[in-house]
Amino acid sequence: MPALKASKKSLRQAHRRRSRNKGVMSTMRGAIKCVHQAPDVEAARTALTSAISIIDRTVSKGVLHANTGARYKSRLTHHVQKLG
């Protein structure tokens, strides 16, 4: 446990940010999973547009780096294109 006042505050802030980021990342992972588990091409395309929107939102909140978000979107798009 931190002894300094500033360290205690930093710990509280980190805990708040971690719990907030955890929810955002969970939503993003769920959207990605929906794309991978889509039963057909049309469902995959619909899930892809939703997932891309959620990934962009995650990047804009600062939870993910922009290049990481772009990599996720690229891989998902490539996956859907391979389906048909």
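## Contact between α1 and α2

Val-24, Met-25, Thr-27, Met-28, Ala-31, Ile-32, Cys-34 and Val-35 of α1 meet Ala-44, Ala-47, Leu-48, Ala-51, Ile-54, Ile-55 and Thr-58 of α2, where contact means heavy atoms within 4.5 Å. Sorted by class, the contact of α1 with α2 has 13 nonpolar, two polar and no charged residues; Ala, Val, Leu, Ile, Met, Phe, Trp, Tyr, Cys and Pro count as nonpolar, Asp, Glu, Lys and Arg as charged, and the others, Gly among them, as polar. The model is predicted: local features need pLDDT of at least 70, side-chain atom pairs count only at pLDDT 80 or more, and totals for chains, interfaces and linings use all residues. Residues are numbered from 1 along each chain as its sequence is written, and side-chain values use heavy atoms, with hydrogens and water left out.

Two packed helices are described by the angle between their axes and the distance between the axes. The axes of α1 and α2 come within 8 Å and cross at roughly 160 degrees; axes are lines fitted to C-alpha atoms, for helices over the stretch in contact, and angles run from 0 to 180 degrees between N-to-C directions. α1 and α2 are therefore roughly antiparallel to each other (angles over 145 degrees count as roughly antiparallel, under 35 as roughly parallel, 65 to 115 as roughly perpendicular and the rest as oblique). The crossing of α1 and α2 is left-handed, a term for a near helix turned anticlockwise from the far one by less than a right angle, right-handed being clockwise.

Helix α1 has 32 residues and reaches 46 Å from its first C-alpha to its last, close to the 46 Å expected at 1.5 Å a residue. The expected span of a helix is 1.5 Å times one less than its number of residues. Helices (H or I, at least four residues) and strands (E, at least two) are DSSP runs, numbered from the N terminus.

Val-24, Met-25, Met-28, Ala-31, Ile-32 and Val-35 are buried in α1; buried means under 20% relative accessible area, exposed over 50%, and partly exposed in between (1.4 Å probe, protein chains only). The buried residues of α1 pack against α2 (41–60) and α3. Met-28, in helix α1, is buried with a relative accessible area of 1%. Leaving aside neighbours within four places in sequence, Met-28 is in contact with Ile-54, Ile-55, Thr-58, Leu-64 and Tyr-72. The C-alpha atoms of Met-28 and Ser-53 are separated by 9.4 Å, and the two residues are 25 apart along the chain.

## Contact between α1 and α3

Helix α1 (residues 5–36) packs with helix α3 (residues 66–83) at an angle of about 20 degrees, and their axes are 10 Å apart. That makes α1 roughly parallel to α3. The crossing of α1 and α3 is left-handed.

From α1, the contact is made by Met-28, Ile-32, Val-35 and His-36, and from α3 by Tyr-72, Leu-76, His-79 and Val-80. By class, this contact of α1 with α3 has six nonpolar, two polar and no charged residues.

## Contact between α2 and α3

The axes of α2 and α3 come within 10 Å and cross at roughly 180 degrees. That makes α2 roughly antiparallel to α3. On the α2 side the contact is made by Val-41, Ala-44, Arg-45, Leu-48, Ala-51, Ile-52, Ile-55, Asp-56 and Val-59, and on the α3 side by Ala-66, Gly-69, Tyr-72, Lys-73, Leu-76, Thr-77, Val-80 and Leu-83. By class, the contact of α2 with α3 has twelve nonpolar, two polar and three charged residues.

Arg-71 is found in helix α3. Arg-71 is partly exposed, with a relative accessible area of 40%. C-alpha to C-alpha, Arg-71 and Gly-23 are 21 Å apart in space, and 48 residues apart in sequence.

## The loop between α1 and α2

Ala-38 is found in the loop between α1 and α2. Ala-38 is buried, with a relative accessible area of 18%. Leaving aside neighbours within four places in sequence, Ala-38 is in contact with Ala-43 and Ala-44. Ala-38 and Val-80 are 42 residues apart along the chain, and their C-alpha atoms are separated by 9.5 Å.

Asp-40 also lies in the loop between α1 and α2. Asp-40 is partly exposed, with a relative accessible area of 41%. Asp-40 and Leu-83, 43 residues apart in sequence, are 8.1 Å apart in space, C-alpha to C-alpha.
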